Amino acid sequence: MYLSICCCFLLWAPALTLKNLNYSVPEEQGAGTVIGNIGKDARLQPGLPPAERGSGSGRSKSGSYRVLENSAPHLLDVDADSGLLYTKQRIDRESLCRHNAKCQLSLEVFANDKEICMIKVEIQDINDNAPSFPSDQIEMDISENAAPGTRFPLTSAHDPDAGENGLRTYLLTRDDHGLFALDVKSRGDGTKFPELVIQKALDRELQNHHTLVLTALDGGEPPRSATVQINVKVIDSNDNSPVFEAPSYLVELPENAPLGTVVIDLNATDADEGPNGEVLYSFSSYVPDRVRELFSIDPKTGLIRVKGNLDYEENGMLEIDVQARDLGPNPIPAHCKVTVKLIDRNDNAPSIGFVSVRQGALSEAAPPGTVIALVRVTDRDSGKNGQLQCRVLGGGGTGGGLGGPGSVPFKLEENYDNFYTVVTDRPLDRETQDEYNVTIVARDGGSPPLNSTKSFAVKILDENDNPPRFTKGLYVLQVHENNIPGEYLGSVLAQDPDLGQNGTVSYSILPSHIGDVSIYTYVSVNPTNGAIYALRSFNYEQTKAFEFKVLAKDSGAPAHLESNATVRVTVLDVNDNAPVIVLPTLQNDTAELQVPRNAGLGYLVSTVRALDSDFGESGRLTYEIVDGNDDHLFEIDPSSGEIRTLHPFWEDVTPVVELVVKVTDHGKPTLSAVAKLIIRSVSGSLPEGVPRVNGEQHHWDMSLPLIVTLSTISIILLAAMITIAVKCKRENKEIRTYNCRIAEYSHPQLGGGKG
């Protein structure tokens with residue numbers, strides 16, 4: 001066996017190469033003969049161990065060596081593990097390649113998922129066949145009038161061997177008188193054929209029969225031979241032989257010409273008259289059978305027509321040997337050669353084959369230029385008809401005129417020997433499209449051109465390239481004060497278009513404080529659905545609104561992505577504080593007031609003043625007399641609470657009046673407070689120590705109780721806040737347990753925030 005490594009060419013990304021290996025092996029070798037070791041001869045890097053094969057993308061599970069194409073799978077094969085190229089049975093070159101001078105088998109092997117090996121195996125001929133003639137004797141009739149130089153084609157010998165072992169020459173023996181000579185000629189395909197040439201004039205009366213021996217020799221060492229006996233009978237013949245217009249003709253004919261197409265109309269003339277001048281045409285005896293299958297000749301007119309299917313790819317040039325002979329006695333035939341040159345037609349569409357296609361999904365993070373397939377495109381036509389332009393449908397391509405605006409992120413790159421790689425043309429985005437149907441289009445340069453297409457699917461693998469995105473940057477939630485701890489406040493929503501863990505979102509609250517208190521004592525968030533719950537009962541009078549941030553984080557690997565949004569909780573006021581009457585000073589909700597007699601109409605008896613901790617309408621107060629004023633002796637201002645006399649001599653009606661005053665806020669529902677005011681009439685001036693309710697004394701009477709009341713309330717609130725702070729600090733470690741209990745007992749339907 002012989003080996004030569006022709007070239008190494010970069011083909012499939014930085015790790016894939018194309019290598020050409022040429023081997024030769026003599027014919028007649030038995031089955032199991034090792035021709036070569038592909039891995040060693042091509043200097044390939046070792047592949048993965050068998051246990052690891054198949055785990056990678058596109059890796060063959062059957063071995064390190066995979067045969068992609070094999071021109072003779074019944075004769076040759078490659079061991080998938082060792083890479084040994086071996087014969088499967090005895091190879092007979094003569095039956096395999098017939099008359100071809102070079103007998104070559106080809107294989108394409110994909111090695112270690114890294115290299116493509118283009119293998120050529122030449123089958124070397126051995127001289128195992130001797131030449132042979134179709135018969136043992138050749139009978140010839142030659143007129144005694146045949147002039148010296150007249151030629152007679154002889155039957156050729158056949159030798160299945162090729163090259164040096166094939167037929168080399170012919171020898172003529174047993175010609176004792178030097179009447180005949182042998183001229184050995186060659187056809188266009190290199191085959192040799194003999195012609196018998198008359199050297200001297202024949203004399204039938206002197207000798208009417210000659211016996212010659214034709215020997216065929218091959219070029220083997222030692223040479224093999226075959227003989228045939230030529231029996232020449234010398235007879236009387238007519239004076240003239242047919243004559244062609246030319247000894248040879250060249251005809252150009254398109255391949256696939258319709259049956260019956262005229263090739264040429266031959267014309268040979270004979271000067272004789274009658275049967276001696278009537279010419280018959282035929283193919284010479286040594287015309288190959290294939291020529292007889294493709295062409296026919298009219299014996300009377302010499303018209304040659306197409307009889308079979310002409311294929312340029314099978315044989316681009318054909319030679320037809322024609323003879324013409326008259327019908328007279330002892331005819332001497334004339335010969336000519338017709339060479340038919342076939343013109344290639346674009347009758348073969350391009351052929352697209354996938355040498356290797358990436359198995360499994362392609363990561364959307366794959367950079368531009370990532371190889372996803374190795375493609376081979378061929379066309380049996382030649383010249384312009386075999387020139388190819390290829391592209392990815394909707395993507396980039398090779399060759400002008402086939403491109404266009406790319407709709408798929410792939411393109412085709414031409415490499416070597418009709419190999420192309422399909423590579424990514426731009427970054428991929430699974431969220432935009434998760435699968436592509438990649439179609440390869442090949443068009444030849446014929447007129448009209450022929451097209452072929454072939455497709456394969458590419459799935460895009462998700463990567464964690466999208467952070468969760470909240471539907472809003474700011475969520476505004478509302479809750480009424482005095483809510484129940486654990487009450488559902490609303491939800492936040494973040495969406496992640498990635499798949500699986502890359503798109504699974506969890507929620508948490510970022511650390512912050514409201515004043516000195518941790519946000520974790522105010523609210524909690526469900527990590528799965530983003531529902532937000534209150535952890536305490538809110539008091540509008542203490543906290544009107546507060547803000548915090550919610551973090552949304554996916555579960556992608558190796559690193560998660562996150563984003564946050566702001567949540568603003570507004571506490572809505574509830575009418576939860578009833579008015580408190582602070583003026584006049586009450587004892588058991590009762591106050592006694594003294595008014596001098598004859599105080600007159602419009603006298604200011606007193607001012608009722610009440611406080612309400614609520615705000616807005618819930619804190620706006622209205623004053624009214626609800627009982628004890630049946631005689632309408634007094635009136636009260638509904639806004640200021642001032643009580644004045646309506647009758648100048650009210651004491652004459654009754655010296656003591658018991659009024660029931662009601663203070664009502666405007667909340668929903670309304671809350672109120674009542675007080676009983678006992679008004680007595682006194683003679684003279686008011687006793688000492690009794691505060692006056694009229695004139696300058698009025699301002700002092702109202703301010704002092706108000707200041708005292710507000711101070712008391714402030715001290716109570718301060719004590720309450722200190723108590724709450726101490727309690728929160730003590731229970732800080734139990735917050736998460738508390739949150740879980742809240743979530744366990746609170747299962748409202750998810751939806752928008754309140755209000």
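Here are a few notes on this predicted model, going from the whole chain down to single residues.

1. Start with the overall make-up. The accessible surface comes to about 38,700 Å², and carbon and sulfur atoms own 50% of that.

2. Next, look at who touches whom.

3. Now for the insides. Nonpolar side chains tend to be buried together in soluble globular proteins. Here, the largest nonpolar core has 29 residues, and the members touching the most other members are Phe244, Phe295, Ile304, Val322 and Val338. Several elements supply at least two residues each, including helix H3 (289–294), strand S17 (248–254) and strand S23 (317–326). Strand S24 gives the most, with five residues.

4. Zoom in on Val338. Leaving out residues up to four places away in sequence, Val338 touches Tyr249, Val251, Ile264, Leu266, Ile304, Leu318, Glu319, Ile320 and Val322.

5. There's also a second, separate core, made of 27 residues; Leu477, Tyr507, Tyr522 and Ala552 are among them.

6. Three strands line up as S3-S6-S5 in an open, antiparallel arrangement. Which strands are at the edges? Those are S3 (34–37) and S5 (76–78), each pairing on one side only. Neighbouring strands in this sheet are turned by 20° against each other on average, direction ignored. S3 and S6 (residues 84–87) are joined over three bridges, and Asn37 stands opposite Leu84 of S6.

Notes: Residues are numbered from 1 along each chain as its sequence is written. This is a predicted model: local features need pLDDT of at least 70, side-chain atom pairs count only at pLDDT 80 or more; totals for chains, interfaces and linings use all residues. Side-chain values use heavy atoms; hydrogens and water are left out. A nonpolar core is a set of buried Ala, Val, Leu, Ile, Met, Phe, Trp, Tyr and Cys residues joined through side-chain atoms within 4.5 Å. Buried means under 20% relative accessible area, exposed over 50%, partly exposed in between (1.4 Å probe, protein chains only). Helices (H or I, at least four residues) and strands (E, at least two) are DSSP runs, numbered from the N terminus. Contact means heavy atoms within 4.5 Å. Accessible areas come from the Shrake-Rupley method with a 1.4 Å probe; for residues, only the protein chains shown count as cover. Two strands pair if DSSP finds at least two bridges between them. Axes are lines fitted to C-alpha atoms, for helices over the stretch in contact, and angles run from 0 to 180 degrees between N-to-C directions.
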